[in-house]
Amino acid sequence: MQIVVKDLNFTYSAKTPFERQALKGVNLTINEGDFLGIIGHTGSGKSTFIMHLNGLFKLQSGEIDVFDIKLVPDKKKKSDLRRLRGTVGMVFQYPEYQLFEDTVEKDVAFGPKNMGLDAEEVSRRVKRAIELVGLDYEDIKDRAPFELSGGQKRRVAIAGIIAMQPKVLILDEPTAGLDPYGKEQILSLITHLKKECSPTVIVISHDVDEITRFANRIVVFNDGKVMFDLPMNELFRHADELHAVGLEIPKAVKIAQKLRERGVELEGDIVSLNDLLHAIVVAYNKKHMDKTVDENLNFSAFEFDKEISGTDGEDKR
Amino acid sequence: MAIPAIKLDNVSFSYPVSEGAEQKAVSGVSLEIEEGTFVALVGHNGSGKSTLAKLLNGLLVPTSGRVLVYGVDTADDKKIYDVRSSVGMVFQNPDNQMIATNVEDDIAFGPENLGVPREEIIKRVDWALEKVGMSQFRHATPFKMSGGQKQRLAIAGVLAIKPRVMVLDESTAMLDPKGRDEVMQVVKQLNREEKMTVVHITHYMDEALEADRLIVMNDGRIMLDGKPADVFAEHKLLTKIKLGVPCVTQLAVTLSEAGIAVDPRITDEEALVDSLCKLL
């Protein structure tokens, strides 16, 4: 199963003074099981692109095929949007602003109810979704979403999408505005959801340091086009080109670059801080044979509740 | 000694939750901020840092204790305008702070409300726009701008009131890296050139590094307070209260703990690269 996008163009406010072409001939294939990161600066077209995958824009030109659901610009043929939205779950930026019901349970049930599922199936899915995002179902189901903390609200909003059991989960800036701990929790939640619920995950992020933690493949948008589509370890060999279009590179890549420029030999592709740490230790051990250091160093991150920490962190290809 | 810009004297604040019940957000905080310092304030969600920010210009008044802004008590109703003109606030979402349809009017709003004469307002608008590097947008509309531009505009709006202290309550949280950098540059420049006292509340530890002084809040209290390098040296404590340390420090600390002779207090990337080059 695949998502295939062919020659996708999109123009906002066509034939007005505000006309702006946001997508210019985008071609992209996303495979089932991909953990795809999308980066690009503001206005690069990345959000317009993902909204197409969920049928939020009418196709202007090009073709989209999402797991055999075909979207075409033809006005006479109706695309099967209901089935598409059950297949692709979309979590917008600041999804907690979308909560509207008076209890958590009702809010999470909104999506599956609209899919026309029977009451029993709906409540089964709601319970599972709430548990999947690491909340206590019995404790939280009757509470008003508005009395929850920011991080809890975001989880409830994500549960509302998960309850539709989408095969593809798309998240737009899922950690925006959270504190460091909240960020870590959401990141491990996403990895957990990929494993337990939605095998294909697409994440938009501004934070390259964050994206290096999970994605196996990164697509870079620039000026409405796909500029790069590479496995993570290859992408950051193009650091200068990324910098030229206003994108940051991960700190670990930057530090590794500086060390190499000054003649330090570091092995392998360095993308994450753990890669850098490992390479430094290996280089150190070569020079200091007499007192070597454990090569399996890892950053001690936060400790989480067991139910959401089911990550091995080694999802990269 | 000159009077501190801001002085908190055993300040506590509780939010009323329901009839008779309340939730304590700040407990017994005492603090002095000298004029001209750049203070960063960090803490996880719910640590009380935003409540503390709102106490600094009388948006909230302490349940007990006193907040003095240049010696003026924020609980004194008659002097609240003095307090608000001394301490300007920039919030998280710039859209919530925009009130006019063009840039000029938006910036003039503050001084107009303070009854500043027209000629002076025009001067201030020019000056404020120049300070945030947005002079060419004078007649533009804020609604079509990028997040970083909008936030710089919000800062200009606060500047036009000519405050002596600026409080930024997670003003970089919603911005992309470029926008964040724009805002930080403007704030640092105001601190340096105008001797503006800055209290910057942030989740980004790399931003906190750039301050003169770093205050860590936890559970409504001040847990650590000192130079950023000294505060980040307490990385274990910081992780325990759900905060991180900047990635250079994280790297230095991990290497040093593994037995490699790197100073765990390094916060600067160049310094880390230098010391690694000597070892490798």
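Predicted model: local features only at pLDDT ≥ 70, side-chain atom pairs only at ≥ 80, totals over all residues.
Modeller: Domain bounds come from an automatic or database domain assignment. Residues are numbered from 1 along each chain as its sequence is written, and chains are lettered from A and ligands numbered from 1 in the order in which they are written.

Colleague: How many residues of domain 1 of chain A are in contact with domain 2 of chain A?

Modeller: Contact means that two C-beta atoms, placed from the backbone, lie within 7 Å. By that rule, seven residues of domain 1 of chain A meet six of domain 2 of chain A. The domain 1 side has three nonpolar, two polar and two charged residues. Ala, Val, Leu, Ile, Met, Phe, Trp, Tyr, Cys and Pro count as nonpolar, Asp, Glu, Lys and Arg as charged, and the others, Gly among them, as polar.

Colleague: Which residues have the most contacts inside the largest nonpolar core?

Modeller: Start with burial. A residue is buried if 20 or more other C-beta atoms lie within 10 Å of its own, exposed if 12 or fewer, and partly exposed in between, with C-beta atoms placed from the backbone. A nonpolar core is a set of buried Ala, Val, Leu, Ile, Met, Phe, Trp, Tyr and Cys residues joined through C-beta atoms within 7 Å. The largest has 97 residues, and A:Ile162 and A:Ile170 have the most contacts inside it. α12(A) gives the most to this core, with seven residues. Both domain 1 (2-241) and domain 2 (251-291) of chain A supply at least three residues each. A second, separate core of 68 residues includes B:Phe38, B:Val103, B:Val125 and B:Val167.

Colleague: What does A:Ile162 contact, leaving aside its neighbours within four places in sequence?

Modeller: A:Ile162 is in contact with A:Gly89, A:Ala129, A:Leu132, A:Val133, A:Leu193 and A:Cys197.

Colleague: Now chain B. How many helices and strands has it?

Modeller: Helices (H or I, at least four residues) and strands (E, at least two) are DSSP runs, numbered from the N terminus. Chain B has eleven helices and ten strands. Of its 280 residues, 48% count as buried.

Colleague: Which elements of chain B give two or more residues to the side that touches chain A?

Modeller: First the totals: 28 residues of chain B are in contact with 32 of chain A. The elements giving two or more residues on the chain B side are α6 (177-193), α10 (247-257) and α11 (269-279). That side divides into 14 nonpolar, ten polar and four charged residues.

Colleague: Which residues of α11(B) are buried?

Modeller: B:Leu272, B:Val273 and B:Leu276. Seen down the helix axis, the buried residues of α11(B) fall within an arc of 95° (from the directions from the axis to the C-beta atoms), so they line one face. The face turned away carries the exposed B:Glu270 and B:Lys278. The cover over the buried residues includes α11 and α12 of chain A, together with α10 of chain B.

Colleague: Is A:Ser272 buried or exposed?

Modeller: A:Ser272 is buried, because it has 22 C-beta neighbours inside 10 Å. A:Ser272 lies in the loop between α11 (251-261) and α12 (273-287) of chain A. Not counting residues up to four places away in sequence, A:Ser272 touches A:Thr212, A:Arg213 and A:Ala252.
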